[in-house]
Amino acid sequence: MPKNTKVTQREHSNEPVTESVADLLSLEHPMDYKSSQMSMGLSPGSTAPVKALLPSPDPDAEDGRPAWNNKLEYILAQVGFSVGLGNVWRFPYLCQKNGGVVEPECEKSSATTYFWYRQALNITSSIDDTGGLNWKMTLSLLVAWIMVCLAVIKGIQSSGKVMYFSSLFPYVVLFCFLVRGLMLKGAVDGIAHMFTPKLEKMLEPQVWREAATQVFFALGLGFGGVIAFSSYNKRDNNCHFDAALVSIINFLTSILATLVVFAVLGFKANVMNEKCVVENAEKILGYLNTGVLSRELIPPHINFSHLSSQDYAEMYAVIKTVKEENFAQLGLDPCILEDELNKAVQGTGLAFIAFTEAMTHFPASPFWSVMFFFMLINLGLGSMIGTMTGITTPILDAFKIRKEILCVVCCIIAFLLGLLFVLRSGNYFVAMFDDYSAGLPLIVVVILENISVAWIYGTKRFMQDLEDMLGFRPYSFYFYMWKFVSPAVLVLLICATVIEMAISPAGYNAWVEAEGSDRFQSYPPWALAMAYALIVVAMLPLPIVFIARHFSLISDGSNKLSVSYRKGMMKDISNLEEQDEQRFILSKNPSEAPSPMPAHRAYLGPGGTQEMTNTNYGTSTKTGYQNIGSPESEL
């Protein structure tokens with residue numbers, strides 16, 4: 001071998017020598033392919049078998065040269081020639097050497113955060129820049145409303161069957177996630193964090209306000225869906241048992257979902273904490289190698305190749321104590337697991353960023369991702385079917401409208417209004433509607449419902465209705481809660497909400513592309529006016545309908561309601577008034593009029609010892625409506 005080759009240089013020198021494939025091939029002698037036997041078992045100079053392997057010459061060819069049998073053979077040959085080892089090792093090497101498909105926005109955030117804001121939402125940098133429609137979101141919105149419309153058109157016979165799947169499937173997914181989550185490293189840390197109370201938080205009014213608001217959203221109070229679904233029950237349905245059962249199931253579901261979330265977030269917190277430890281350990285090693293830190297600061301038992309969170313915490317404390325004056329310049333993070341667990345995320349941030357990022361570390365993560373998002377679709381469909389039923393049912397009961405036409409019109413209007421949320425800036429409007437249209441207006445609707453039943457219709461009369469339906473007297477606990485406690489608590493909740501809206505700056509979290517993170521921005525004047533208009537518009541139907549019915553501009557639809565027990569009650573009251581009028585004309589004592597309720601079911605009020613005298617109809621008929629000794633009789 002020549003002495004000036006790189007191979008001989010490497011043998012006689014300690015300096016590193018690099019050589020390419022071309023350098024090695026240059027040392028090879030040209031190969032005589034005709035005399036090469038390869039592995040075909042041919043003797044030197046034998047060409048007959050080789051000719052047999054070549055394509056037969058085309059007799060139609062002008063010069064007698066062989067031709068390809070078909071186009072596919074030619075393409076495959078070209079691909080086989082062009083695609084070689086260079087595609088496997090050289091091209092990836094060049095990409096790695098000179099930089100690869102890397103987005104600065106993605107590098108500054110995270111893969112899941114970047115995918116959500118840039119790929120899924122393609123979000124703009126502010127609410128002022130609408131950016132046009134996101135066609136992927138628009139198509140998804142259209143498909144969702146078509147499914148809701150079909151379910152509502154078919155009625156409870158169809159939607160009830162849909163609910164078998166849409167309501168039960170999420171529990172299957174949650175149980176699967178719970179079992180899988182408990183097997184993850186750090187799941188116990190997350191669950192322990194969930195059940196660790198922060199007693200100092202109990203003194204903050206905001207905690208109680210958020211807890212009360214959560215009850216409204218969890219049970220669907222004020223949306224109309226609960227009343228609409230219940231209106232299809234029979235008159236003697238045990239609504240007391242149903243209310244208790246649904247509330248218990250809702251509470252247990254919240255606990256189950258929270259267990260799943262905290263188990264997964266505990267796993268994610270451990271992953272992020274370990275990543276923090278590794279990154280900061282590399283910084284410390286760099287400071288040790290450059291002499292910025294002395295090796296005497298490192299405890300002797302610490303091994304950087306197997307560094308635990310406890311070891312890093314001990315090392316961090318020592319360095320912080322010794323380098324107290326210049327510690328901030330080192331840029332070291334404490335890497336505390338509790339800090340990762342305390343990072344609060346909600347709404348889209350929890351479902352599409354934090355939970356999704358945790359699932360990327362799951363074994364078989366695509367399967368779990370499909371299950372999780374399919375569960376979210378079912379939950380959303382179930383909620384929207386209930387909401388649309390709450391809208392269409394009272395309209396159908398009060399007016400003669402074809403159900404199909406009404407459902408289609410409602411879904412078209414809902415889809416058109418929903419286009420606001422599938423703009424590139426639509427996520428900002430989602431946050432606005434969540435903060436303003438579903439907070440204070442919902443509380444106002446609920447308190448008006450409470451006052452209407454407890455004070456206008458009358459708590460005693462309502463309790464009597466329940467006794468007639470259930471066949472037993474409800475607990476006195478409900479009487480005092482509906483009449484006194486609930487209205488007082490709701491008024492306090494409204495006051496707390498208004499105060500918080502007044503002192504808190506009105507704004508939203510805008511995505512900053514240059515920083516790869518979101519930043520709080522105040523609403524522009526037009527958006528602020530829109531936010532306050534949402535509150536007014538959400539509550540506007542209440543006074544409008546009240547005024548219209550008070551002046552008989554629209555019918556209350558009481559003679560058309562499909563609710564059986566409502567029909568029965570109105571019929572009994574009407575019969576009672578007719579009988580009282582007849583007895584008055586015949587100069588008979590109206591107190592002799594029969595009670596509209598069975599005598600053996602007379603409601604005795606919270607005290608339970610004296611019959612109540614009815615004064616609601618301007619008579620002294622003893623129908624069990626008033627208890628002389630009860631608080632209401634003194635009003």
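S425 sits in the loop that links α19 (403-418) to α20 (426-436). Helices here are DSSP runs of H or I with at least four residues, strands are runs of E with at least two, and both are numbered from the N terminus. This is a predicted model, in which local features need pLDDT of at least 70 and side-chain atom pairs count only at pLDDT 80 or more, while totals for chains, interfaces and linings use all residues. Residues are numbered from 1 along each chain as its sequence is written, and side-chain values use heavy atoms, with hydrogens and water left out.

Is S425 buried or exposed? With a relative accessibility of 0%, S425 counts as buried. Buried means under 20% relative accessible area, exposed means over 50%, and partly exposed covers what lies in between (1.4 Å probe, protein chains only). Leaving out residues up to four places away in sequence, S425 touches T124, S126, I127, D129 and T130, where contact means heavy atoms within 4.5 Å.

Another loop residue, C335, is found between α15 (327-330) and α16 (337-341). C335 is buried too, at 10% relative accessibility. Once neighbours within four places in sequence are set aside, the contacts of C335 are N273, C276, V277, N280 and Y312. Take Y312: C335 and Y312 are 23 residues apart in sequence, and their C-alpha atoms are 8.3 Å apart in space.

Zooming out, the protein has 25 helices and 2 strands. It has 635 residues, and 32% of them count as buried. Its accessible surface is about 39,700 Å², with 64% belonging to carbon and sulfur atoms; these areas come from the Shrake-Rupley method with a 1.4 Å probe, and for residues only the protein chains shown count as cover.

Now for the charged pairs. Side chains of opposite charge can pair when their charged atoms come close. How many salt bridges does the structure hold? There are 5, a salt bridge being a side-chain nitrogen of Lys or Arg within 4 Å of a carboxyl oxygen of Asp or Glu. One of them joins the side chains of R118 and E513, at 4.0 Å from N to O. R118 belongs to helix α7 (residues 111-120) and E513 to the loop between β1 (507-512) and β2 (517-522), so this pair ties together parts that are 395 residues apart in sequence. R118 is buried at 13% relative accessibility, whereas E513 is partly exposed at 48%.

K185 and E274 also meet in a salt bridge, at 2.6 Å from N to O. Here K185 comes from the loop between α9 (156-182) and α10 (187-194) and E274 from helix α13 (residues 239-290), so the parts tied together are 89 residues apart in sequence. K185 is exposed at 56% relative accessibility, and E274 is partly exposed at 34%. In the salt bridge of R519 with E515, the closest N and O atoms are 2.3 Å apart. R519, at 39%, counts as partly exposed, and E515 is partly exposed at 38%.

The axes of α23 (residues 525-539) and α24 (residues 541-550) come within 5 Å and cross at roughly 30 degrees. α23 and α24 are therefore roughly parallel to each other. Where do they meet? V537, A538 and M539 in α23 meet P541, L542 and P543 in α24. By class, this contact has 6 nonpolar residues, no polar ones and no charged ones.

Some terms still need their cut-offs. Axes are lines fitted to C-alpha atoms, for helices over the stretch in contact, and angles run from 0 to 180 degrees between N-to-C directions. Angles under 35 degrees count as roughly parallel, over 145 as roughly antiparallel, 65 to 115 as roughly perpendicular and the rest as oblique. Ala, Val, Leu, Ile, Met, Phe, Trp, Tyr, Cys and Pro count as nonpolar, Asp, Glu, Lys and Arg as charged, and the others, Gly among them, as polar.
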